[in-house]
Amino acid sequence: MSVIKFKQLSAEEYFLLFIKVFRFVAPVSGVGVCSTVCLFLAGIYYCYLLPYQWSNYSFIFLLLNFTIAHWIQLNMLYNYIMSIIIHPGRSKGAGPSTCRTCRKNRPERSHHCRQCGFCVLLMDHHCLWINNCVGLYNYGYFLRAALYVWLGAVYGTMALSPEAIAYTHNTSVMFGDADLPNLCLAAFILCVAVAVAFSILNMWYFSLAKDGMTSIEYKQLKAWKGTISPYDRGFRQNVEFAYGIKLKAWHRILHPTYYLPYVYWNPGPFDGVSTSC
């Protein structure tokens, strides 16, 4: 009978193996986890929270809650899906700088993504949760999705808070004393955690957006020898550009809208992108 021997991996070999496995699993796990969480919270809403509101709220208050919940849900899903399916933008091989990885010229504010294998226009980062790079074409969708996820988590926290308070007294406002709402309590804790996490995330990205920077460019401040982005055009114009708002039409952020970004620096060979706001 032969004895199977296993090679003991060094720290470097283990790390490289982990990276290979992570790259294989990540495209499935990131979007899959987000989809699972959305389905779980949607099930809690339609199976428990909505019937409770239907039985205990007035028609006006019920209609208001129903409208707010579905307005948030529609915008969140639309912007999240668009950030997944919209290509972030790929360099066409021309521009003032040269990529050290792919050895091709590229426009300003482009960076090489090792996961995607090419230079991404206005690259911010490669996001595990959308299995895509956040770049020029989907940057606004990503920021809007983060904003509506936060709003959804805040709404869920407020709507489920009576159930969480009742749970501390060993009772339930939705199920009565006989059946304690473990699922609703789990949903409440999840909403609180997401609300806190996305509060930090949205504050971070808003602080970058108002200064006209991406997260990669924030790390390059030392190279710029200062704390002001060379692409800073002022608070209003920076925020409008980041969130995909054209012609001061701020109402477009309140409903699902498709938009093409514009560039105000050296445009380079962009396809389908205007050079004016």
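Let's start with a salt bridge, meaning a side-chain nitrogen of Lys or Arg within 4 Å of a carboxyl oxygen of Asp or Glu: E217 pairs with R109, and their closest N and O atoms are 2.6 Å apart. E217 sits in helix 5 (residues 215-219), while R109 lies in the loop between strand 2 (105-106) and strand 3 (111-113), so the pair links parts of the chain 108 residues apart. Helices (H or I, at least four residues) and strands (E, at least two) are DSSP runs, numbered from the N terminus. By the salt-bridge rule, the count comes to three.

This is a predicted model, in which local features need pLDDT of at least 70, side-chain atom pairs count only at pLDDT 80 or more, and totals for chains, interfaces and linings use all residues. Residues are numbered from 1 along each chain as its sequence is written, and side-chain values use heavy atoms, leaving out hydrogens and water. The predictor's confidence in each residue, pLDDT, runs from 0 to 100; the chain averages 80, with 79% of the residues at 70 or above. Over residues 1-11 the pLDDT is below 50, and this stretch has four contacts (heavy atoms within 4.5 Å) beyond near neighbours in sequence. Where pLDDT is low, the predicted coordinates should not be read in detail.

Now turn to helix 3 (residues 139-168), where you will find T157. Its side chain reaches the backbone oxygen of A153 at 2.8 Å. Leaving aside residues up to four places away in sequence, T157 touches F188, C191, V192 and A195.

Finally, look at where helix 4 (residues 182-210) meets helix 7 (residues 235-242). F206, A209 and K210 in helix 4 contact F235, N238, V239 and A242 in helix 7.

Notes
Axes fitted to C-alpha atoms, helices over the stretch in contact; angles between N-to-C directions. Polar contact = N/O pair within 3.5 Å; in protein donor to acceptor, adjacent residues only side chain to side chain.
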